[in-house]
Amino acid sequence: MVRDARLAAEREPLSLVALTREISPAITRCELTHLARTSIDLERARDEHAAYEATLRRIGCNVTRLPGGAEMADAVFIEDTAVVLDEIAILARPGADSRRPEVAAVGAALRHHRPIAAILAPGTLDGGDVMRVGRTLYVGIGPRTNSAGARQLRGLATPLGYSVEEMPYQGCLHLKTAVTPVADDLLLVNPDWVDQSRFAPRLTIAVDPAEPFAANALRIGSDVIFPAEFPRTRARLEAAGIRIHAVAAGELAKAEGGVTCCSLVFRSGSTAGPD
């Protein structure tokens with residue numbers, strides 16, 4: 001099956017795909033773990049999301065927005081529903097029961113691009129807990145992803161040449177709230193939430209202490225989408241030579257969302273990932 005995907009890739013033009021999902025009016029009932037519930041301005045959130053999609057297009061992505069579903073409060077956070085590797089798409093089994101109905105529509109969209117596998121019970125896995133750096137998948141074990149889910153991911157990814165490492169973290173919803181890649185072998189980290197020494201010999205940049213949620217950045221090649229709400233950490237990244245595309249992301253942050261959460265970005269017609 002993977003061989004067939006690779007043969008198809010040789011015949012198709014390379015293009016970056018970004019799957020997004022519309023914001024459901026039910027987002028006011030979103031799942032919350034570490035934040036107190038505050039009012040979300042739905043229209044402002046939709047404006048921010050549209051600007052985020054426009055930024056994806058400027059970087060070179062072909063954006064496909066899926067319907068959100070009137071009752072799927074967290075559907076905009078599409079990253080949590082799948083892990084898309086070069087060779088295969090692995091449908092997640094979200095740790096929150098309310099989010100499991102989100103997966104079917106994403107799986108239907110991904111079938112046009114990759115062979116499909118899935119995480120099964122008793123495993124749970126949110127895509128926001130899976131950070132790819134080269135051929136290594138770091139899997140955060142926390143409130144949404146368990147060791148059974150990580151073991152299933154390892155069983156699917158290891159035969160394809162990936163290594164899978166379980167990574168403890170604390171204080172936030174997902175691993176990628178605490179750490180994300182911003183360049184080859186360079187990670188943006190909140191050292192209070194994850195042990196940055198675990199990523200050695202890769203280099204790290206710490207977020208500004210006044211901006212604990214600033215470690216979530218979306219790298220696409222040499223470009224990084226980053227929340228405009230964190231100027232101090234942005235300055236650190238730019239000083240390191242990182243090309244930043246700042247986007248307003250304050251409303252969805254109230255729902256524990258970040259810039260990685262709102263898209264699934266991958267190359268269609270290629271075995272090369274977006275990094």
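Predicted model: local features only at pLDDT ≥ 70, side-chain atom pairs only at ≥ 80, totals over all residues.
Residue numbers start from 1 along each chain as its sequence is written, and side-chain values rest on heavy atoms, with hydrogens and water left out. Local features require pLDDT of at least 70 and side-chain atom pairs count only at pLDDT 80 or more, whereas totals for chains, interfaces and linings use all residues.

Rolling a probe the size of a water molecule over the atoms shows where empty space is left. On a 1 Å grid over the protein atoms alone, a cavity is a set of points where a 1.4 Å probe fits but cannot get out; a pocket is an open set with protein on both sides within 12 Å along at least five of seven lines; lining residues have an atom within 4 Å of a point. Grid points are joined across faces, edges and corners, and a volume is the space filled by probe spheres set on the points. Two cavities of 30 Å³ or more are present in the structure. The volume of the largest cavity is about 90 Å³, and its lining includes Glu48, His49, Tyr52, Leu252 and Ala253. Helices and strands are DSSP runs numbered from the N terminus (H or I, at least four residues, for helices; E, at least two, for strands). Both α2 (42-59) and α7 supply at least two residues of this lining, and α2 gives the most, with three residues. By class, eight lining residues of the largest cavity are nonpolar, three polar and one charged, where Ala, Val, Leu, Ile, Met, Phe, Trp, Tyr, Cys and Pro count as nonpolar, Asp, Glu, Lys and Arg as charged, and the others, Gly among them, as polar.

The second largest cavity holds about 60 Å³ of space. Among the residues that line this cavity are Glu31, Asp74, Asp80, Arg99, Arg144 and Glu256; its lining comprises six charged, four nonpolar and two polar residues. The second largest pocket contains about 310 Å³ of space. It is lined by 21 residues, of which Phe213, Ala253, Glu256, Gly257 and Gly258 are the closest to its centre. Two or more lining residues come from each of α5 (175-178) and α7. The pocket lining divides into nine nonpolar, eight polar and four charged residues.

Serine 263 occupies the loop between α7 (250-253) and β15 (264-268). With a relative accessible area of 4%, serine 263 is buried (under 20%; exposed is over 50% and partly exposed in between, for a 1.4 Å probe and protein chains only). Its side chain forms a polar contact of 2.7 Å with that of tyrosine 52; such a contact is a pair of N or O atoms within 3.5 Å, and within protein one must be able to donate a hydrogen and the other to accept it, residues adjacent in sequence counting only if both atoms are side-chain atoms. Serine 268, in strand β15, is likewise buried, with a relative accessible area of 11%, and its side chain is joined to that of histidine 113 by a polar contact of 3.1 Å.

In helix α3 (residues 103-110), the buried residues are Val103, Val106, Gly107, Ala109 and Leu110. These lie on the same side of α3, because they cover an arc of only 160° around the axis, taken from the directions from the helix axis to the C-beta atoms. Arginine 111, in the loop between α3 and β5, is exposed, with a relative accessible area of 55%.
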